[in-house]
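Colleague: Hello! Could you walk me through reading some features of a protein model?

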Amino acid sequence: MQSLTKAAIPSGQAALSGLVGNTPLLRVSEPLAPAGRGFWAKLEGFNPGGIKDRPGLHMVERARARGDLRPGGRIIESTSGTLGLGLALAGMVYGHPVTLVTDPGLELSMTRLLTAYGAQVNVVSEPHPTGGWQQARRDRVQRLLEQDPGSWCPDQYSNPDNVAAYTPLALELASEMGHIDVLVCSVGTGGHSAGVSRVLRQLYPELTVVGVDTTGSTIFGQPARPRLMRGLGSSIHPRNVAYENFSEVHWVAPHEAVWTCRRLAASHYATGGW
């Protein structure tokens, strides 16, 4: 759970934050693992908006506690979708308007969902010459911040509160599993891989941490190229990525991700993305 108290949350909204955390584990076996083998998947999609509900709530709560985000101040952030859901939830819980900067690759269904949750969706029209859509979105965020002196940006790529938000997730895994040999994490902003691996490595010093990136992402040294997958990979180098924590890194292509997610859905009634 997040480090929230009912006294810190406006009346009537505490129940919303209570929906976040304690997500279920699913044992995944054939056909996605050899006969008699398998792995456990932590189903963060059971949070109201997904895995980014955790950092959305935590980053906003800590910013309010420090005075960086004043009551009623606007939250402005770049997102490829999922963090936008978490920030929309945090804005609802704490009483902040939310502006989310995205690009034309955002699925129409996600745009409609974010709007339904009360967020303003601001779409950039052209990619940055070298930093792609991601840098173009961040540049737009900066301009919007300058236009609204009372606004605040979580800066998910560099904010240490993004990392700290995943301590409860790591402790949930440790409590549910008892022992963990291998942790596999997708890598985008670097927040959840850094936050979970930091805690679990303290509990299990021999832990193997496997990072999963997408082709076309610059995080682990590839040249930037257009990327089809949302929320995985980056065309910039987020400071939250804890490179020293990874034992190995694998890259996945879009067609592999689509095939695997469809097999997962058809065999285990679980959605893992596409």
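**Reading the backbone and a helix**

Modeller: Gladly! Tyrosine 269 is found in the segment after α9 (254–268), where helices (H or I, at least four residues) and strands (E, at least two) are DSSP runs numbered from the N terminus. This is a predicted model, where local features need pLDDT of at least 70, side-chain atom pairs count only at pLDDT 80 or more, and totals for chains, interfaces and linings use all residues. Residues are numbered from 1 along each chain as its sequence is written, and side-chain values use heavy atoms, leaving out hydrogens and water.

Colleague: What is phi of tyrosine 269 near?

Modeller: Phi is near 55° there, a positive value in a residue other than glycine. Tyrosine 269 counts as exposed, at 81% relative accessibility. Here buried means under 20% relative accessible area, exposed over 50%, and partly exposed in between (1.4 Å probe, protein chains only).

Colleague: Is asparagine 22 buried or exposed?

Modeller: Asparagine 22 is exposed, with a relative accessible area of 55%. Its phi is also positive, near 55°, and asparagine 22 lies in the loop between α1 (14–17) and β1.

Colleague: Which peptide bond is cis?

Modeller: The one from glutamate 30 to proline 31, with omega near 5°. Proline 31 sits in the loop between β1 (25–28) and β2 (39–42).

Colleague: How many residues does helix α8 have, and what should they span?

Modeller: The expected span of a helix is 1.5 Å times one less than its number of residues. Helix α8 (residues 191–203) has 13 residues, so it should span 18 Å; its end C-alpha atoms are 19 Å apart, which agrees. Among its buried residues are Gly191, Val199 and Leu200.
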